[in-house]
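Here is a short briefing on one protein model.

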Amino acid sequence: MASPLKDLYSPAFYDRLAHALTVTVPGFDKGKFVKKVFTAEFESKELKERMKHTSKLLHDFLPEDYSQTIALIKKTIAQLRIQGIGEDGLAYMFIPDYIETYGINDFEGSVEALEFVTQFVSCEFAVRPFILKYENEMILKMQQWSLHESHKVRRLASEGSRPRLPWAMGIPFLKKDPTSILPILENLKTDPSEYVRRSVANSLNDIAKDHPQVVLNVAKSWSGLGAETDAIIKHGSRTLLKQGHADILKHYGLDDTGILLKDFKILTPQIKIGESLEFSFSILNENPTEQKVRLEYAIYYKKQNGQNTKKVYKISERIYPAGATVNIIRKQKFVLITTRKFHLGDHQISMIINGAEKEISHFELKA
């Protein structure tokens, strides 16, 4: 069984960190630092609490002068690399948190620090309070970052400015009007890094939730520039596709005319938590020409209040020859995960062909 993520903050981790700080921070007391880490409450702290605890404790051992502290943090990162500590270690997210917490009033110093630190550990969460506080200045800086030589800084420009970045604070003014971040995405639409391009797609998908027409315009403008840019558009349009948005379906040539659903059956009409819903169906293209077919299904999960909430899952998207019939069997697991709680009773499943919802059937989730 995998260890909880909070155990990234282990005695071995703090020993490595304290060793680096001993080298870089004049007068650093390793023994005192480690002793203060492991308070009586430490074991009960979860990942983010341990991260915050580390950030606050580090503040007690660093100079009051913020510019001096940033210089020491940079030296510490260099020392960690000398010790063989690789980039992107999740436990080191306390460094961006430090900048967010103690540097929010020093725009120039903190922005320069974020640019440096994100090349060691991502600053996508830490940058957001600066966007909220400094708005235009920060967006302009991120436009500059989108042209940076480091793909990690370029990715910070797109990922950090997402209107709806998961697990992070929202940016209300970007939800209301994303116009200011479009130049960032424009600069990155042909980026050589897939890491960056995926971030661009995710930003577009965020925008689509509030401003679908903006993403439709981007799709039309970028379409055909290259396979990688087309992939950005497709991934960035995934919410619109799942919603069956008419204009994006038209853009991708997805028309359900002459594409028939046949013999839709639920093979396990009663299931228990931990089991799988199994269903089968056939798709017939009765058109005289080949057709692109996007197949999806929707589960209407029963909520605590008795209502249903709909979630769409993609099956495939491919060309069906004229007159072709394809038989399909699928399973949907009902395994407990942290992001979804199941409620017993009647559930529904529907089939979706090129954005058009077809037949709906019922199944029961039992104890």
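Strand β4 (residues 291-302) and strand β7 (residues 345-353) run antiparallel and are joined by six bridges. Strands here are DSSP runs of E with at least two residues, and helices are runs of H or I with at least four; both are numbered from the N terminus. Two strands count as paired if DSSP finds at least two bridges between them.

This is a predicted model: local features need pLDDT of at least 70, side-chain atom pairs count only at pLDDT 80 or more, and totals for chains, interfaces and linings use all residues. Residues are numbered from 1 along each chain as its sequence is written, and side-chain values use heavy atoms, with hydrogens and water left out.

- Tyr-300 stands opposite Gln-348 in β7.
- The open sheet has five strands in the order β2-β8-β7-β4-β5, and its pairing is mixed.
- Its edge strands, β2 (270-272) and β5 (308-320), each pair on one side only.
- From one strand to the next, the twist averages 30°. Such angles run from 0 to 180 degrees between N-to-C directions, with axes fitted as lines to C-alpha atoms, for helices over the stretch in contact.

**The three-strand sheet**
- Another open sheet has three strands in the order β1-β3-β6, with antiparallel pairing.
- At its edges are β1 (259-266) and β6 (325-333), each pairing on one side only.
- β1 pairs with β3 (residues 276-285) in the antiparallel sense over six bridges.
- Leu-261 has Ile-283 in β3 as its bridge partner.
- Strands of a sheet pair through backbone hydrogen bonds, either parallel or antiparallel.

**The nonpolar cores**
- A nonpolar core is a set of buried Ala, Val, Leu, Ile, Met, Phe, Trp, Tyr and Cys residues joined through side-chain atoms within 4.5 Å. Buried means under 20% relative accessible area, exposed over 50%, and partly exposed in between (1.4 Å probe, protein chains only).
- The largest core has 78 residues; Tyr-9, Phe-33, Tyr-92, Phe-94, Met-138 and Trp-145 touch the most other members.
- A second, separate core has 25 residues, including Phe-279, Ile-283, Tyr-297 and Ile-328.

**Helix α8**
- In α8 (residues 136-145), Met-138, Ile-139, Met-142 and Trp-145 are buried.
- Seen down the axis of α8, its buried residues fall within an arc of 110°, so they line one face of the helix. The arc is that of the directions from the helix axis to the C-beta atoms.
- Among the elements covering these buried residues are α6 (107-117), α7 (127-134) and α9 (151-159).

Methods:
Contact = heavy atoms within 4.5 Å.
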